[in-house]
Amino acid sequence: VANLAEVMRPVLGVEPGTVALQFASFSFDAAVLDVAVTLGGGGTLAIASSEERTEPGALVEMIRRAGVQVASVVPSLLGVLDPADVPGVRNWVLGAERLSADLAARWRARARVWNTYGPTEATVISTATLLPEGIGSEDAAPAIGGPIGNTRVFVLDEFLRPVPPGVTGELYVTGAGLARGYNNRPDLTAERFVACPFADGGRMYRSGDLARWTADGSLEFAGRADEQVKIRGFRVELGEVESVLASHPEVRQAVVTVQEDKRLVAYVVPEVDAARVREHAAGLLPEYMVPSVIMPLAVLPLTVNGKVDRKALPVPETTAHSAGRAPVSAAEETLCALFAEVLGLAEVGVEDSFFELGG
């Protein structure tokens with residue numbers, strides 16, 4: 001914690017008189033960042049109430065009233081705020097979720113935006129980067145930067161060998177922020193805190209996150225190893241699909257889930273034309289990675305910590321579906337009935353695509 005405070009305090013410009021937002025609840029590890037960095041630097045914490053965490057208008061009013069200059073939040077929260085409403089915040093620290101280029105571009109135009117990465121097991125933040133001023137909404141998703149002071153990160157293959165730039169591997173972290181292990185869980189500790197082959201007697205944390213090095217030495221986040229799903233025999237990384245959807249000029253946020261029937265379902269904000277978003281995705285992704293259903297929403301449901309509440313996302317309805325003509329022969333009736341039964345739909349037309357319906 002002392003290392004975190006010492007490294008991040010000058011980065012965020014925290015000093016006596018600085019007011020920082022305490023948005024994260026104290027059960028969330030991001031609260032450690034706010035408390036240690038701000039109070040360690042002689043600053044003041046403006047603590048958001050439960051109402052202010054759930055009502056964007058109330059939060060904006062509190063930020064203005066308290067004179068907040070530094071704020072550490074998750075990208076989902078920025079998705080429901082307007083940069084013009086909080087001009088006094090000069091530093092935004094983002095983490096815990098994938099950041100889209102569109103969201104980064106909107107906020108970087110008015111303030112400094114830091115994209116960070118770090119598991120709780122390595123004391124909140126392991127890597128960080130200040131996003132460039134010229135970032136555009138159609139650029140690639142922002143990198144998560146490089147290791148902070150007294151921290152080392154490795155991108156390794158399944159045999160703990162470093163992978164070359166551009167190749168995706170699992171992210172490992174070591175250094176001053178590394179925890180000793182899990183309290184009273186020696187089995188889990190042995191599984192996740194492993195011997196570091198690059199330092200005598202050292203240990204490193206196996207994060208379960210995927211990443212790759214860029215040619216200039218930055219890290220790109222590539223999703224969770226356990227979020228890879230199988231769709232019709234193909235491995236699909238949900239984060240990659242989300243990045244492509246978010247690159248559509250009308251989409252501010254995108255979340256992709258897998259339904260029990262193995263359909264990819266995407267939720268996009270704001271309420272844009274789903275057909276145009278699907279066409280955009282189909283032009284950039286293989287067919288099996290294009291979501292079967294795209295549901296436009298006014299806002300994404302959030303947890304008290306500002307993260308997307310995936311459990312609260314609406315379930316797409318399985319309604320009658322007949323984009324083409326009705327069956328006229330016994331063979332067509334049999335096939336359409338089979339399609340409908342397998343897909344959980346009341347009706348399927350002869351000209352409907354089995355795969356577009358989620359098959």
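The buried residues of helix H2 (residues 30-40) pack against H1, E1, E2, E3 and E4. Here buried means under 20% relative accessible area, with a 1.4 Å probe and protein chains only, and contact means heavy atoms within 4.5 Å. Helices (H or I, at least four residues) and strands (E, at least two) are DSSP runs, numbered from the N terminus.

This is a predicted model, in which local features need pLDDT of at least 70 and side-chain atom pairs count only at pLDDT 80 or more, while totals for chains, interfaces and linings use all residues. Residues are numbered from 1 along each chain as its sequence is written, and side-chain values use heavy atoms, leaving out hydrogens and water.

**Helix H2 and its partner H1**
- Ala30, Ala31, Leu33, Asp34, Ala36, Val37 and Thr38 are the buried residues of H2.
- H1 (residues 2-12) packs on H2 at an angle of about 70 degrees, with the axes 9 Å apart; axes are lines fitted to C-alpha atoms over the stretch in contact, and angles run from 0 to 180 degrees between N-to-C directions.
- That makes H1 roughly perpendicular to H2, a label that covers 65 to 115 degrees.
- On the H1 side the contact involves Leu4, Ala5, Met8, Arg9 and Leu12, and on the H2 side Leu33, Ala36, Val37 and Gly40.
- Just after H2, Gly42 has a positive phi of about 80 degrees.

**The sheet**
- Seven strands form an open sheet with mixed pairing, in the order E2-E1-E3-E4-E5-E6-E7; two strands pair if DSSP finds at least two bridges between them.
- Strands E2 (44-47) and E7 (146-147) stand at the edges with a single partner strand each, so one side of each has no neighbour in the sheet.
- E4 (residues 91-94) and E5 (residues 112-117) run parallel and are joined by four bridges, with Arg112 as the bridge partner of Asn91.

**Nonpolar cores**
- A nonpolar core is a set of buried Ala, Val, Leu, Ile, Met, Phe, Trp, Tyr and Cys residues joined through side-chain atoms within 4.5 Å.
- The largest one has 33 residues, and Leu21, Leu59, Val73, Leu78, Trp92 and Trp107 have the most contacts inside it.
- Apart from this core lies another, of 20 residues, including Val241, Val251, Ala266 and Leu285.

**Strands E15 and E16**
- Five of the six residues of E15 (residues 253-258) are buried, so this strand is largely enclosed by the rest of the structure.
- E15 pairs with E16 (residues 264-269) in the antiparallel sense over six bridges, and Thr257 stands opposite Val265 in E16.

Conventions. Angles under 35 degrees count as roughly parallel, over 145 as roughly antiparallel, 65 to 115 as roughly perpendicular and the rest as oblique. Buried means under 20% relative accessible area, exposed over 50%, partly exposed in between (1.4 Å probe, protein chains only).
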